[in-house]
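I opened the notebook to record what I looked up in this structure. The entries follow in the order I made them.

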Amino acid sequence: MPETLLCPRNLAFELYEVLDAEGLTQRERFADHSRETFDAAIDTARSIAENLFAPHNRKADENEPIYKDGEAVLIPEVKPAVDAFIEAGFHNASRSFDDGGMQLPNLLSRACFAHFQSANIGTSSYPMLTMGASHLIEVFGSDEQKQRFLQPMLEGRFFGTMALTEPHAGSSLSDLRTRAEPAGDGTYRLKGNKIFISGGDHPLSENIVHMVLAKLPDAPPGVKGISLFIVPKFLVNDDGSLGKRNDVILAGLFHKMGWRGTTSTALNFGDNGDCVGYLVGEPHKGLSYMFQMMNDARIGVGMGAIMLGYAGYLYSLNYARERPQGRLPDGKNPASAQVPIIQHTDIKRMLLMQKAYVEGAFDLGLYAARLVDEQHTAPNEDDRKNAHELLDLLTPIVKSWPSEFCLKANEMAIQILGGHGYTREYPVEQYYRDNRLNPIHEGTHGIQSLDLLARKLSQNGGAGLRQLLGLIQNTCKRAGEFSSLDALRPPLEQLLARLTEVTQALLGDLMAGKINQALANSALYLKVFGHTVIGWRWLEQAIRAEQGLAKGNAADVDFYRGKLQAARYFLTWEVPSCHHELDLLSGRDDTCLTMQDAWF
């Protein structure tokens with residue numbers, strides 16, 4: 001089977017040449033680590049992913065979970081894979097040694113987890129959800145809740161979910177109807193229905209801890225009236241043993257286009273009037289708490305999209321190298337040997353497009369992970385604050401840009417395989433189906449674009465935006481030291497200048513109360529903003545590639561040349577294409593805004 005997990009050389013480039021993972025070992029929290037321990041963790045992750053996650057990826061797709069006797073049933077290969085993940089410590093990779101963790105930087109934790117996402121996105125989602133839910137309880141839960149629920153989650157005995165979406169409301173959380181009534185003993189009784197709950201039922205753990213959004217009787221209207229509750233599948237006794245089954249019923253399973261290995265459930269809370277829940281934190285602040293898990297999940301979704309795109313790219317690259325077909329346009333002799341299709345220019349175009357999308361997005365995803373480390377371990381408060389503000393701004397891009405453009409990479413992988421790519425005998429069609437979920441869950445493109453334009457740009461007085469503009473300008477300045485990059489800087493600089501101008505005008509409209517007009521084409525803004533960010537990350541990679549070439553290691557020449565060519569493709573083919581969207585945004589085009597229902 002061709003290598004589809006991750007290019008080890010590219011991962012080393014990102015960690016040690018672009019993002020300075022070794023520099024983190026100078027900080028007290030990571031002082032016990034070194035490049036050797038980082039690489040050992042990566043090697044372990046790759047081994048488990050290759051041997052236990054990848055082999056059942058196709059089987060899980062072809063044999064999705066079934067509903068039987070009120071429970072979800074999975075193929076048997078899922079549990080040994082997840083158990084091995086837990087036993088190796090990856091579900092606590094970033095936690096302190098004192099808490100039984102590996103105390104790895106978030107950057108390394110994400111890099112390790114990327115192997116599991118590439119090998120089997122469905123199976124990897126179970127621990128990902130649990131890590132998010134446990135972090136939520138860790139930050140906002142009471143000491144009793146941590147002892148009762150968090151500790152078993154850290155031990156891998158309990159798994160977790162997030163339960164937000166309801167049938168009538170979809171993404172409109174302000175309209176949720178699930179209710180929580182005080183029971184008089186410090187607990188609550190919940191009643192309501194949730195749908196699309198990933199990992200909402202399965203046989204992988206002793207218990208499942210649902211993080212549920214609901215409203216109290218005195219809740220104010222809208223999102224300010226939402227509270228957060230812990231609702232376990234089984235109640236937990238004071239001594240930690242499992243009690244009776246809680247009034248949480250698996251109402252059914254959804255049958256998805258992709259991610260078929262992950263249960264997607266409909267859950268009924270309180271059908272029998274006895275669904276016990278525990279309030280997390282203060283009343284009516286549940287959505288602000290849940291946003292922590294959602295933002296972590298959004299970065300995880302972005303990385304999942306990247307790794308599915310990456311897997312398709314590597315598979316189609318190998319296929320193109322091995323598949324002989326046709327001759328070059330100037331080859332007129334039909335008796336001559338066919339050439340591998342990678343020699344055809346249009347195949348190179350599609351491969352370059354994939355490489356530019358997936359390696360650009362991969363760099364951004366790991367850069368975001370590095371910002372998490374800065375946020376928590378930077379040596380001074382200002383640096384930690386700056387990292388938090390920049391990460392907040394970039395989160396909609398980290399989630400949405402890969403979800404759109406790494407999906408396009410999967411489309412190109414299918415195209416390269418031709419008719420074979422469209423069959424189930426080859427994995428690229430599954431990568432596409434799996435990746436098609438990522439533009440939808442954890443906030444659609446439309447929601448992310450509204451979040452970016454209406455909220456994130458002006459947050460903290462625009463501090464994150466000012467940082468980003470300064471970072472891009474600095475990269476452009478440093479690129480000026482390399483004459484070979486002279487053709488790559490101007491497209492990014494020109495796009496940045498126009499984007500800045502359009503941004504100021506749109507923010508002005510928002511301040512003037514022209515909200516519908518300013519946000520009408522926010523999806524276009526998200527695309528241009530994302531291309532600007534990825535263009536910046538590619539110029540940064542190009543600088544590092546030039547520095548690598550200067551070291552004169554012959555074994556790395558092709559790798560660095562490939563980086564420079566992909567940077568050239570993105571900055572000269574993709575970045576200039578954004579000016580059309582900027583024209584529409586600048587002119588406040590109202591084609592979509594003024595369209596009427598009856599006209600369809």
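**Salt bridges**

I began with charged side chains and found that Arg58, Asp61, Arg260, Glu429 and Arg433 are linked in a network of salt bridges. The model is a predicted one. My search of the whole structure gave 41 salt bridges.

In the first, Asp39 bridges to Arg35, with the closest N and O atoms 3.7 Å apart. Asp39 and Arg35 are four residues apart in helix H2 (residues 35-53), so about one helical turn separates them. Asp39 is partly exposed at 27% relative accessible area, and Arg35 is partly exposed at 31%.

In the second, Arg148 bridges to Glu144, with 3.1 Å between the closest N and O atoms. Both sit in helix H7 (residues 143-154), four residues apart, which means about one helical turn lies between Arg148 and Glu144. Glu144 has 53% and counts as exposed, because the cut-off for exposed is over 50%.

In the third, Glu359 and Lys355 meet at 3.0 Å, N to O. They are four residues apart in helix H9, again about one helical turn. Glu359 is buried at 3% relative accessibility, and Lys355 is buried at 13%.

**Asp363**

I stayed in helix H9 (residues 345-377), where Asp363 also lies. Its relative accessibility is 0%, so Asp363 counts as buried. Which residues does Asp363 contact, leaving aside neighbours within four places in sequence? I found Glu14, Val18, Arg537 and Gln541.

**Helices H1 and H17**

I next looked at helix H1 (residues 8-18) and helix H17 (residues 557-574), which pack at an angle of about 75° with their axes 11 Å apart. H1 is therefore roughly perpendicular to H17. From H1, Arg9, Asn10, Phe13, Glu14 and Glu17 take part in the contact. From H17, the residues are Phe559, Tyr560 and Lys563. I sorted the residues of this contact into three nonpolar, one polar and four charged.

**Strand S12**

Last, I checked strand S12 (residues 276-280). Five of its five residues are buried, so S12 is largely enclosed by the rest of the structure. Val276, Tyr278 and Val280 point one way from S12, while Gly277 and Leu279 point the other way.

Which strands pair with S12? Strand S5 (residues 188-198) pairs with S12 in the antiparallel sense over two bridges, and Arg189 stands opposite Val276. Strand S7 (residues 227-232) pairs with S12 in the antiparallel sense over three bridges, and Ile230 stands opposite Tyr278.

Methods. Residues numbered from 1 in each chain as written. Predicted model: local features only at pLDDT ≥ 70, side-chain atom pairs only at ≥ 80, totals over all residues. Heavy atoms only, no water. Axes fitted to C-alpha atoms, helices over the stretch in contact; angles between N-to-C directions. Parallel < 35°, antiparallel > 145°, perpendicular 65-115°, else oblique. Contact = heavy atoms within 4.5 Å. Nonpolar A, V, L, I, M, F, W, Y, C, P; charged D, E, K, R; others polar. Buried < 20%, exposed > 50% of the residue type's maximum accessible area, 1.4 Å probe, protein only. Pairing = 2+ DSSP bridges. Salt bridge = Lys/Arg side-chain N within 4 Å of Asp/Glu carboxyl O.
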